[in-house]
Structure formats: C-alpha cells, structure tokens
Amino acid sequence: MSKKTKTLRPKARRPKGFEDRFGALASAENALIAAAAGVYHSHGFDPLSTSALEYADCLGKFLPDDDRPNEGVFAFTDDDDQWMALRYDLTAPLARFVAENFDPLPKPLRRFAVGPVWRNEKPGPGRFREFIQIDADTVGAPGAAADAEMIMLAADVMDAAGLARGEYVIRINNRKLLDAILGGIGVPQTNEGAIQRMRVLRAIDKLDRLGPEAVARLLGEGRKDDSGDYTKGAGLDAKGIEAVLAFTQAGAGDLNGTLRTLEPLMGRSEIGAQGLGELRAIADLLQAAGYEDGRTVIDPSIVRGLGYYTGPVFEADLRLETLNEKGEPVRFGSAGGGGRYDDLIARFRGQPVPATGFSFGVSRFAAALHALGRLGNAERGPVVILALEGDQMAQYFAMATELRNAGIRAEVYMGGSGMKAQMKYADKRGAPAVVIVGEDERTQGQVTVKNLILGQQMSGQIKDNKEWREGRPAQVTGARSTLTAMVADTLN
RNA sequence: GCCGCCUUAGCUCAGUUGGUUAGAGCGCCGGUUUGUGGAACCGGAGGUCCUUGGUUCGAGACCAAGAGGCGGUACCA
C-alpha cells in the first residue's frame, strides 16, 4: 500500500437544465401552483394526475428506426422492448387518458393537472429540461365559448400570480387565418405543403426576436445568422412573403379594429372566414366579460410552436423587461399558452373530439420573477427553541408544541453545537425569535424570548462590543406559563 | 448540432513583457465574549490556477486538443 491512497469520490453535480430550487424560488413555485390550481378549481375543473412515463407512441411520436424515438424527449426501452418516454407536456397524456376512458367520463370533461414535464433541449434562461406546468383543459366542447373561457382563465391566472394590469398581455390568433393566407398564395395541401407550412410557422414565431427583415428571409430562400449558420427558408416567393408579413402585422390596438384590418386580407377563403368568425365570437365574449381592458389583444403574429393546434391559439406574455446579472435584457419566452387541438384525441379514436386548453409555465414564470427581483426574501424562518441542556429535550418539544398549537411556526434546535452556534443558526434561518431556556430560566420557572429582528436593528447603533454583549438587547424574560403570549407579542 | 466568448479560493475577481513562496474583497471557521446571532478588532482554514499534451532552463500566463460554463443560432412534436 502506498502512503496516500486516493479515495475515489463521485463529484456532486447536477445535469444541465435540471434545476434545484430552494428557499424563495421553491416557495414561489409552490405559491404559483396553489394560485393557479385555485383559479382552475374555482372554475369547476377537477384535478387529474397521470404518470411521468408514457408509451412513446401515445405521446404522439412515431417509433424510430434506430435508437431513439426523438431528440426532443427522454426515452428508453422497457423490458419488453417497448419505447417509453417522459411526458413533454400535460396535453398529450390528457389525450391518452380521455381516449382510454372515454365512455364513462362526463363530456365536456374539465380537468386540471400539475407536474413536471421533461424536454431534451438546450437549456437557457427560463428554459429547463425539467419544468413544472399547470394546465386546464376542456374536452368535448366545440364552441368558441370554450376558447374564450380558456383565455379568460389565462388572464385570471396571471392576476392570481400577482401581476398587475399592464404587466402581461394575452395575445390571441387563429391558425385558420394563416391557413387561409397560405392557401391564397398557393401553398399546396400536400406533404410538401405541410413542411412549408411548418417552416412558415417557425419563421413567424421568430418575429419578435429577429424582426421582419430576418423573418422575410426565412420565409423566402433562407437566412444566414450572425454566427454564420444557415437556416433553410420556407421558399415563398416575394408576393407570398409580403402577404404573410402583412398578415402578421395586421394587429391594431383593440379587438374590433384588428378584426376589421384582418377581414380584407382573408379574401374569399372559406377557412379564413371561419377563423375570423371564431375570433369575432371570442372577442365578443371577452368584451362582454370585461377582459378587453388591455389584458387581451388579437395579434396575428402569434402562432405557437406546437403543431397540434387547429384553431384559436393564444399566448400569455410578460410585458416587463428582465435583465440578467450583467444588465443585458433576457428573453424568457411566453409564460403560458394554449389553444384548440381538435385532432389530438381523434388520433386514438378515429372520431373527432374537440378540445381546448391553457398551460401555465410555472418554472419559467418563477424564474422570470426571480430575474425581476420580485421574489423578495426567503420565507421567514421558524421560531427556534435553543437546546441548551441535553436532558431537557422533552421540555423543549413541549414548548414547540405549545407554539404550534397557537399557530406559530416553531422548531427545537437539532444540532449538536453550543449556544453561540445555535444563535448563528437561528440568524441564518431568518428566525424572528429564539426561545432561551437554560439552567437559570429552568430553575426559576421562566423563559427568555429574544427578538432577533429587533436585536439586529439595535446592533446598528451599539458601538461597544461589551455594551451589546452584556446589555442582552431585545429580549424579555417571564414566567414559563406565559411562553406563547410572550412569543406572540414578540412577533407583532 | 453550428458559431463566438469565457474557465485562478465557497462567491466576485486581480495577477506586470513567461521568472522561483499565486493575491484581494466578500463569505466561512476561531478568538476578544467557556449563556447570546447581527457591528468592530485580531487570527485561521481553504487552490490539481478546468484537463491532457506541447513549446521553454522555467508556464497561472504561450500553442493544440478535450471538458465545462455563458451567449447567439438551430431544433422545440
């Protein structure tokens, strides 16, 4: 044996895009989930929990000919060689659930769901490989009223999440309008046309980030970005590019104004008229319900990335500019979105089942709040009961129980360190107060309660070390029987 | 995936044209204070200078490759 044997230890590290959340961020996520769930539940949606894993084909991907179903999902083969995949959203599992249990379910089915979803993509600010979504969906409701409700729900969730008016906007569009435009400029209803249509959607999706000039190139031949990377375009001709861009820029302040601007662009297209009619119906309902106060706009440049949408789509955007540590603006993407997906369940059943929903991106929203400096301080810590005498633990536990029964968050110090370390611990935990019962107090039937917040304020004024040490500021001693009252008093 | 920038203590960063013992601030730990956190003073611990290879008498510094991070771009059903 050599003098020094090197111990091989695993390096503690975290996979990229899988975030630990602790303290204020974790509390914020929990609060957002509770707020959104409250909104959904109050609207009559019932909770549904489904598993993290699904069969890959049920999630809507075709099996691969080689080793993985798709780059975008985490997948592996089960013992029986079936492809399993972690869910990448909550909508596909809903479709599977509905198709599997169709007959006994009430229709329309109104359910909400919350949980982590996983996507194997490159992480970035507000983009994770594991993140929490909370969705509400109505299945079996064909009318525009169901879409309008989803949009109002989205606004309600933004309100419940603590945003003020003007800090967010719900942008609404309809996939059918774009279909009409594309039909008008000769994009065929073939496989090739579908690819072209997808490219157009992706190009439009980049409008806010790259601007109309770059998007025009993406709609046409293609674009070379600053890094020299080339992106193949959708191959539209000049007229087509102009038509698409004109469409995306047709947004005008209010709902009615935008609809009037859009009308002539649709020409005689039947699908266009249908899309306009749906938007009109949604707009009327939003106006009647008072949601047209800047919270909702029709914005033809909103397309949403997902391919399964068939009609109205919408997106909840933060209007606050977020900056990173260097003061540079950061794009977080939308805080939530949704739309109508009438064909998703038909995939399983063969007959159309109309559905519409909204998904709130909890993790991204919390990350944005964090970047905005809106999370505030971590939750205030518990009252800490110092464990000064090892044989008195039962008494300390009894005190903690008394405090809890009075609705006060409290804990007994569980470490093995001395009084000074216990005080430091309480400080680091953000404890508002500590309860001190040592031999002195115990033998006299008393307790000491120290107000850590007041003590901290007072420490700023005291210059002399001895003075603040011996002065024992911000603490009171009283009879053991008055513990709860003393602590409650300190907390006020 | 492609392009660019970056990598020195727990964190933020210094580190002269390559020169011998690698620094600061903050944080952490301890002491002043063996029953008192937070101010102050004093002290201490903590480094594979990302890794490997090369150039050199000599590399934290120069070169190459790799890894990781950040940003952009693509993908995002």
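Predicted model: local features only at pLDDT ≥ 70, side-chain atom pairs only at ≥ 80, totals over all residues.
Local features need pLDDT of at least 70 and side-chain atom pairs count only at pLDDT 80 or more, whereas totals for chains, interfaces and linings use all residues. Side-chain values use heavy atoms, with hydrogens and water left out, and residues are numbered from 1 along each chain as its sequence is written.

Helices (DSSP runs of H or I, at least four residues) and strands (runs of E, at least two) are numbered from the N terminus. Two strands are taken as paired if DSSP finds at least two bridges between them. Strand 19 (residues 446-451) runs antiparallel to strand 20 and is joined to strand 20 by five bridges; Lys450 has Gln475 in strand 20 as its bridge partner.

For the angles, axes are lines fitted to C-alpha atoms, for helices over the stretch in contact (heavy atoms within 4.5 Å), and values run from 0 to 180 degrees between N-to-C directions.

Strand 11 (residues 312-318) pairs with strand 7 and with strand 14. Seven bridges connect strand 11 to strand 7 (residues 168-174) in antiparallel fashion, with Tyr168 opposite Leu318. Four bridges connect strand 11 to strand 14 (residues 336-340), also antiparallel; here Glu315 is partnered by Gly337 of strand 14. Six of the seven residues of strand 11 are buried (under 20% relative accessible area; exposed is over 50%, partly exposed in between; 1.4 Å probe, protein chains only).

His43 is placed in the loop between helix 1 (24-42) and strand 1 (46-47). His43 counts as partly exposed because its relative accessibility is 27%. Residues up to four places away in sequence aside, His43 touches Arg110, Glu149, Leu153 and Asp156. A polar contact (a pair of N or O atoms within 3.5 Å; within protein, one must be able to donate a hydrogen and the other to accept it, and residues adjacent in sequence count only if both atoms are side-chain atoms) links the side chains of His43 and Asp156 at 3.4 Å. The His43 side chain also reaches the backbone oxygen of Val39 at 2.8 Å.

Notes
Chains lettered and ligands numbered in written order.
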